[in-house]
Amino acid sequence: MNIAAIELFVIEMPLKSPFISHLGTVQNREGIIIKIIDKDGTSGYGEGVAFSTPWYTEETVKTSLHIMMDILIPLLQQNPIDHPEQAAQLFQFVRRNHMAKAGLETALWDLYAKKKGQPLSKIIGGTRKKIASGVVVAVDSLAKALKQIESYLEEGYQRIKVKINPQQDYDFLSEIRKRYPNLPIMADANSAYTLNDIEKLKALDELDLMMIEQPLGVDDIIEHAKLQKEIQTPICLDESIVTFEDARKAVELGSCKVINIKAGRVGGLVESKRIHDYCYEHGVPVWCGGMIEFGISRAQNIALASLPGFTIPGDISASSRFWDEDIIMPAVNVENGYVSVPEAPGIGYSINEKRLKETTTFKKIIKF
Ligand code: OSB
Ligand code: MG
């Protein structure tokens with residue numbers, strides 16, 4: 001790889017409807033689009049998935065831009081690389097800032113795959129041709145939830161994840177279960193509970209949930225292990241797993257039975273693959289989580305979810321779940337409950353330049 005320039009775009013788009021979780025409401029999504037241009041003319045794209053404010057992880061769009069422009073891109077300027085794994089190695093000397101690292105690393109993966117003329121999925125060891133699609137219902141009333149679930153099921157989604165909290169749990173979920181006795185349902189608490197709520201969480205056992213995602217503290221693995229001993233519903237960790245080591249410790253301690261992998265949260269595809277490989281060897285199923293992403297990250301999620309250990313439908317929904325018009329062409333589509341894994345080189349989608357332009361609020365070109 002011979003990088004000629006890196007272009008950074010901050011973009012902003014309104015969501016079709018507010019996304020409500022225990023941690024807050026998202027109505028507008030900002031994100032960073034990264035374009036890495038090789039001297040041979042090939043371009044690789046990545047997406048920085050930090051939010052405008054640090055409600056889900058500690059990063060923001062501004063901290064990500066700073067880390068990319070002032071720390072990570074200079075590392076790439078000083079150290080030419082031939083493979084994205086070398087970028088992951090270089091970035092190890094920078095603590096955390098996983099979303100900033102992942103944005104650049106995934107752009108390098110796209111560039112690398114395009115230069116090889118192969119789909120990203122194949123380059124990282126993916127084996128699936130299509131990905132089972134799931135969707136998230138993130139609302140604050142049962143009426144809204146039932147309405148969304150009905151229309152998502154009509155669109156073919158195979159699994160529904162609903163946001164819960166202590167004010168919206170047993171009654172809410174049991175109404176959904178009553179209407180849909182066989183629907184694969186998971187609940188995501190975004191750390192809305194403590195060990196004092198153990199009875200409340202035990203009560204959910206009878207609802208036959210696929211799992212409960214992140215019931216306790218964002219960086220906890222000890223109390224989740226205690227909770228998992230008390231409840232039958234499998235615990236899935238999201239916020240608590242930001243490194244391979246977190247995943248290994250959580251599995252060893254019995255803090256969860258399932259892991260949600262998000263490349264942005266763990267710093268890129270190299271770390272995602274390490275977590276996947278470890279979980280695969282240890283019989284722990286994984287699935288690919290979403291973060292209200294634009295098309296580039298969505299396409300990378302499809303490639304990641306094509307790895308053999310991703311046996312549970314993830315938050316991989318169509319572009320139309322959140323956006324009137326995505327920044328990729330074609331948009332990500334769900335057909336009969338599946339998204340097909342593209343066969344074109346790299347992420348396998350092209351950029352909708354018109355949409356990128358009209359949503360860009362800031363642009364910076366860094367020459368090498
Ligand atoms: O907790 O999984 C989460 C979105 C943004 C940040 C955190 C989470 C989410 C979602 C997935 O629940 C939404 C999606 O489909 O992109
Ligand atoms: Mg979650």
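Domain bounds here come from an automatic or database domain assignment. By that assignment, the chain splits into domain 1 (3–117 + 352–367) and domain 2 (122–340). Before going on, note that this is a predicted model, where local features need pLDDT of at least 70, side-chain atom pairs count only at pLDDT 80 or more, and totals for chains, interfaces and linings use all residues. Residues are numbered from 1 along each chain as its sequence is written, ligands are numbered from 1 in the order in which they are written, and side-chain values use heavy atoms, with hydrogens and water left out.

So how do the two domains sit together? Their C-alpha centres lie 23 Å apart. Across the boundary, 44 residues of domain 1 are in contact (heavy atoms within 4.5 Å) with 44 residues of domain 2.

Now look inside. A nonpolar core is a set of buried Ala, Val, Leu, Ile, Met, Phe, Trp, Tyr and Cys residues joined through side-chain atoms within 4.5 Å; buried means under 20% relative accessible area, exposed over 50%, and partly exposed in between, using a 1.4 Å probe and protein chains only. The largest core has 96 residues, and V162, I164, L173, I259 and I275 touch the most other members. Helix α12 (residues 295–305) gives this core its largest share, six residues. Both domain 1 and domain 2 contribute residues, so the core lies between them. Take L173 as an example: apart from neighbours within four places in sequence, L173 is in contact with V162, I164, I185, A187, L204, L207 and L209. There is also a second, separate core of 28 residues, including I3, I32, F91 and L108.

Next, find the magnesium ion (ligand 2). Its protein donors are D188 (OD), E213 (OE) and D238 (OD), 2.1 to 2.3 Å away. Donors are N, O and S atoms within 2.8 Å of the metal (3.2 Å for Na, K and Ca), and since water is not among the atoms, sites may look incomplete. Along the chain, these donors are spaced D-x24-E-x24-D. E213 is in strand β8 (residues 211–213) and D238 is in the loop between β9 (235–237) and α9 (244–253), so the pair ties together parts that are 25 residues apart in sequence. Helices (H or I, at least four residues) and strands (E, at least two) are DSSP runs, numbered from the N terminus. Both E213 and D238 are buried.

Finally, there's ligand 1. Of the 17 residues around it (a heavy atom within 4 Å), K161, K163, N190, K262 and I292 come nearest. N190 has a polar side-chain atom 2.8 Å from an oxygen atom of ligand 1, and K262 has one at 2.9 Å from an oxygen atom of ligand 1. I292 uses its backbone instead: an N or O atom there lies 2.7 Å from an oxygen atom of ligand 1.

Note on methods. A polar contact is a pair of N or O atoms within 3.5 Å; within protein, one must be able to donate a hydrogen and the other to accept it, and residues adjacent in sequence count only if both atoms are side-chain atoms.
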